[in-house]
Number of protein chains: 2
Amino acid sequence: MTLPRIGVFDSGVGGLTVLKAMAAQLPAHYLYFGDTARLPYGTKSAETVARYAIGATKFLEAQNIDLLVIACNTATALALADIKAAAHVPVVGVVEPGAAMAAEVSKNRAAIVIATEATVSSHAYRNALRQHGLEAHEKACPLFVPLVEEGWIEHPVTEQVARIYLGEATAQAPAGADVLVLACTHYPLIAPLLRRIVPATMEIVDSAASTAQVVRKMIEENLASHPERSGLAPATEPSRRACPGLVEGTSISGAMPSASAAMSSAAHRTFRFYVTDSVEKFKRLATRFLGRQVDNVEHVDLGG
Amino acid sequence: MTLPRIGVFDSGVGGLTVLKAMAAQLPAHYLYFGDTARLPYGTKSAETVARYAIGATKFLEAQNIDLLVIACNTATALALADIKAAAHVPVVGVVEPGAAMAAEVSKNRAAIVIATEATVSSHAYRNALRQHGLEAHEKACPLFVPLVEEGWIEHPVTEQVARIYLGEATAQAPAGADVLVLACTHYPLIAPLLRRIVPATMEIVDSAASTAQVVRKMIEENLASHPERSGLAPATEPSRRACPGLVEGTSISGAMPSASAAMSSAAHRTFRFYVTDSVEKFKRLATRFLGRQVDNVEHVDLGG
């Protein structure tokens, strides 16, 4: 059996939390593209983000991928339809899996979504949650990404910032909100800190882990019907119905797969990384995200 | 007399502190280019920054500028020589004016430089200060820009972060360091907060205000010899010798020109802004930086 080739796209290193969650569940060749020369997408317009994401999609398709994961909330929120229209392989975004998981675990049908400014402005999560019958308040937390990239994962400043952001979010949230959606791929790294701040009755849903489960499901279903690697059936963003197992397993924050689990069985997983800016800086941050030494990083230039 | 046309280039809104300082001193047509679709430059490689900056230089030259100010520490630090080689007008960066000012005010010939990661990695300030006979410790402060852009100018979190960064910087600084160089154009906005944290004996030098003084000097000297607008004499980055008045006036932080001073005599100053991403977001941030409503903002697309 030939392993599937899974393209993973993000503006930078955040999508590595999605890669890590997938690698823990699914043997595959992973091709990760980090558009580090043009990050962060979180402050950019929809047109700009779509243009960048489609450029990366074309690049990954030229590497012969079977499926593309948009492991970037901003790109999914602002440009998923454009990316799907331009792509020739099935495309999975991170918004719908996170929303579906939130719907699974919320008793009160009310959620708080924390994300970058662009993801919040797009209202992609509010709209997706509404499809599942949940009301949501979306809160932009622009300092979390730089705090994570500074390495202040367990730091008093990060805790103070989190208390301010979550205090503001809670004050504006719909009554009874009982689920917190981490709608930025950087946020799983501060999930333990957030867990200490939010009430014990509040579930934390991590869209990185939720997406990994959806992708595993898609690949497994496809392999069951086509044992050798072949073009996967074109897919729309998977619906809750398509993923009955979504609530189980690793999708609740705090249950991120460990580095050893994620990176074991190396013979059944290969990793290749492409970045548009400094290889060294990517290696340094990626090591923090994946919890292991990262090699096999190549610089590519998409122009601009 | 025709007013000079001064191009001002930055990756985003930070260069507006340089624009504000210039506008307070010098009647001119100001054309500001903020490469907001590709910010921040502070995390990017020298090659990428040079490519972006030269694209912006070509755009501003096509708008008929007489002089170009690289109002961005990262672009100056990483790409000034490349920009000068590509430009057909005199180019002024922000590094040398800040270093010259620090040399003027330091008694102990020792400085602390705070900046973005890329500016620090380039050691542009350390090298420039050494030319003036000063030793320096350079400290990266990656959280200051997002804190300023969040609007947390006078905020306990910003103060806590500043105490951590400056504590680390002081511990590693050369003995007797008596000047703090704000080597990022965002930092003048938190200068009052920094002033409360550093010892009273430490001078704070603001490279935005220092650069404005150098530009005024260049324009005045040129106008004295050529009363009508004409091509300015090609210039290298101005040396301390060329700017005898550098220590006077507004260059010490805390003496940033007021919004009313900067924007008075409107008849003798015009402003035009070009940005590569959202016009609305730029207007919102620019209003905070300039302390006045900002209009006349146009979106441009340089590709990529």
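User: In strand 7 of chain A, which residue is the bridge partner of Ala111(A)?

Analyst: This is a predicted model, in which local features need pLDDT of at least 70 and side-chain atom pairs count only at pLDDT 80 or more, while totals for chains, interfaces and linings use all residues. Residues are numbered from 1 along each chain as its sequence is written, and chains are lettered from A and ligands numbered from 1 in the order in which they are written. In general, strands of a sheet pair through backbone hydrogen bonds, either parallel or antiparallel. Strands here are DSSP runs of E with at least two residues, helices are runs of H or I with at least four, and both are numbered from the N terminus. Two strands pair if DSSP finds at least two bridges between them. In this case, the partner of Ala111(A) in strand 7 of chain A is Val179(A). Likewise, Ile114(A) has Leu182(A) as its bridge partner in strand 7 of chain A. Strand 5 (residues 110-115) and strand 7 (residues 179-182) of chain A pair in the parallel sense over 4 bridges.

User: In what order do the strands of this sheet in chain A stand?

Analyst: The order is 6-5-7-8, an open sheet of 4 strands with parallel pairing. At the edges are strand 6 (135-140) and strand 8 (203-206) of chain A, each of which pairs on one side only. On average, neighbouring strands of this sheet are turned by 25° against each other, direction ignored; such axes are lines fitted to C-alpha atoms, for helices over the stretch in contact, and angles run from 0 to 180 degrees between N-to-C directions. Strand 7 and strand 8 of chain A run parallel and are joined by 4 bridges. There, Leu182(A) stands opposite Asp206(A) of strand 8 of chain A.

User: Are the faces of strand 7 of chain A covered or open?

Analyst: A residue is buried if 20 or more other C-beta atoms lie within 10 Å of its own, exposed if 12 or fewer, and partly exposed in between, with C-beta atoms placed from the backbone. Both faces of strand 7 of chain A are covered: Val179(A) and Val181(A) are buried on one side, and Leu180(A) and Leu182(A) on the other.

User: Which strands of chain A does helix 4 touch?

Analyst: Two residues are in contact if their C-beta atoms lie within 7 Å. Helix 4 of chain A packs on the sheet and touches strand 5, strand 7 and strand 8 of chain A, its direction making about 160° with that of strand 8 of chain A. Because 10 of the 11 residues of helix 4 (residues 95-105) of chain A are buried, this helix is largely enclosed by the rest of the structure. Among the buried residues are Val95(A), Met101(A) and Glu104(A). Helix 6 (residues 124-131) of chain A lies across strand 5, strand 6 and strand 7 of chain A, at about 165° to strand 6 of chain A.

User: How many strands form the open sheet of chain B with the order 4-3-1-2-9-10?

Analyst: That sheet has 6 strands, and its pairing is parallel. Strand 4 (91-92) and strand 10 (297-299) of chain B each have a single partner strand, so one side of each is left without a neighbour in the sheet. Strand 3 (residues 67-70) of chain B is joined to strand 4 of chain B by 2 bridges, and Leu68(B) has Val91(B) as its bridge partner in strand 4 of chain B. Helix 3 (residues 73-86) of chain B lies across strand 3 and strand 4 of chain B, at about 155° to strand 3 of chain B.

User: Is Ala87(B) buried or exposed?

Analyst: Ala87(B) counts as buried, because it has 21 C-beta neighbours inside 10 Å. This residue is found in the loop between helix 3 and strand 4 of chain B. Not counting residues up to four places away in sequence, Ala87(B) touches Thr57(B), Glu61(B) and Leu68(B).

User: How many residues does the contact take from chain B and from chain A?

Analyst: The contact takes 17 residues from chain B and 17 residues from chain A. Helix 8 (156-172) of chain B is one of the elements that give two or more residues to the side of chain B that touches chain A, and helix 8 gives the most, with 3 residues.
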